[in-house]
Amino acid sequence: MAVTHKAAFTQSRPWSETEFSDLLSNRFTFAIGDKRCFALIQLIAGEAELLTIATHPGHQRQGLAAMVMTAWHEQAMHQNAERAFLDVAADNAPAIALYRKCGYAPHGRRHGYYKRSAKESIDAIVMQRALP
């Protein structure tokens, strides 16, 4: 996961193997996908949060992220989640388009949430959708 995340996240700090290991040791967290594309989700009290999703650049534009999104939504519903939410960088147009296609709508904004450099930060758009 750390290798794919590093390859996919070139504008912000990628997550380390230790961070993924720590998250996956939490009983409320699960992963869907493979080394080409994966999502990491946390499910607590009927709410599912997409912690991260990454597609290796060599496998982008093949529909893998949409398939992973569908798979984690199904898994979350199977575990009785009623709502899903995520944060996305306001300058990440491809991700925003994917999330809209998956039924998400903007719900809020976190100003300066993503650090791009020592001087630049980007807002996060909080998006959510119901899980029928």
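A residue is termed buried when its relative accessible area is under 20%, exposed when it is over 50%, and partly exposed in between (1.4 Å probe, protein chains only). By this criterion, 37% of the 132 residues of the protein count as buried. The structure is a predicted model, in which local features need pLDDT of at least 70 and side-chain atom pairs count only at pLDDT 80 or more, whereas totals for chains, interfaces and linings use all residues. Residues are numbered from 1 along each chain as its sequence is written, and side-chain values use heavy atoms, with hydrogens and water left out.

The secondary structure comprises 4 helices and 6 strands, where helices (H or I, at least four residues) and strands (E, at least two) are DSSP runs numbered from the N terminus. In the order α-α-β-β-β-α-β-α-β-β, these elements follow one another from the N terminus on. The radius of gyration, taken over C-alpha atoms, is 14 Å, close to the 14 Å given for 132 residues by the globule rule (2.2 Å times the number of residues to the power 0.38), so the protein is as compact as a globular protein of that length. The C-alpha trace spans about 40 × 30 × 30 Å along its principal axes. With contact defined as heavy atoms within 4.5 Å, 52% of the contacts between residues at least 6 apart in sequence join residues at least 24 apart.

Strands of a sheet pair through backbone hydrogen bonds, either parallel or antiparallel. Here, two strands are taken to pair if DSSP finds at least two bridges between them. An open sheet of 6 strands shows mixed pairing and the order β1-β2-β3-β4-β6-β5. Neighbouring strands are turned by 25 degrees against each other on average, direction ignored; axes are lines fitted to C-alpha atoms, for helices over the stretch in contact, and angles run from 0 to 180 degrees between N-to-C directions. The pairing of β1 with β2 (residues 37-44) is antiparallel and extends over 5 bridges, with alanine 31 opposite leucine 40 in β2. Helix α4 (residues 93-101) packs on the sheet and touches β3 (47-55), β4 (83-89), β5 and β6 (121-130), its direction making about 165 degrees with that of β4.

Aromatic rings of Phe, Tyr and Trp (its six-membered ring) are paired if their centres lie within 6.5 Å; planes under 30 degrees apart count as stacked, over 60 as edge-to-face and the rest as tilted. The count comes to 4 aromatic pairs by this rule. Phenylalanine 20 and phenylalanine 38 form an edge-to-face pair, because their ring centres are 5.6 Å apart and their planes stand at 80 degrees. Since phenylalanine 20 lies in helix α2 (residues 17-24) and phenylalanine 38 in strand β2, the pair ties together parts that are 18 residues apart in sequence. Both phenylalanine 20 and phenylalanine 38 are buried, and Trp15, Phe20 and Phe38 form one aromatic cluster. The rings of tyrosine 99 and tyrosine 104, with centres 6.2 Å apart and planes at 65 degrees, are likewise edge-to-face. Tyrosine 99 is buried at a relative accessible area of 6%, as is tyrosine 104 at 3%.

Lysine 115 is found in strand β5 and counts as exposed, at 57% relative accessibility. Its C-alpha atom is separated by 6.6 Å from that of serine 12, 103 residues apart along the chain. Leaving aside neighbours within four places in sequence, lysine 115 is in contact with Gln11, Ser12, Glu120 and Ser121.
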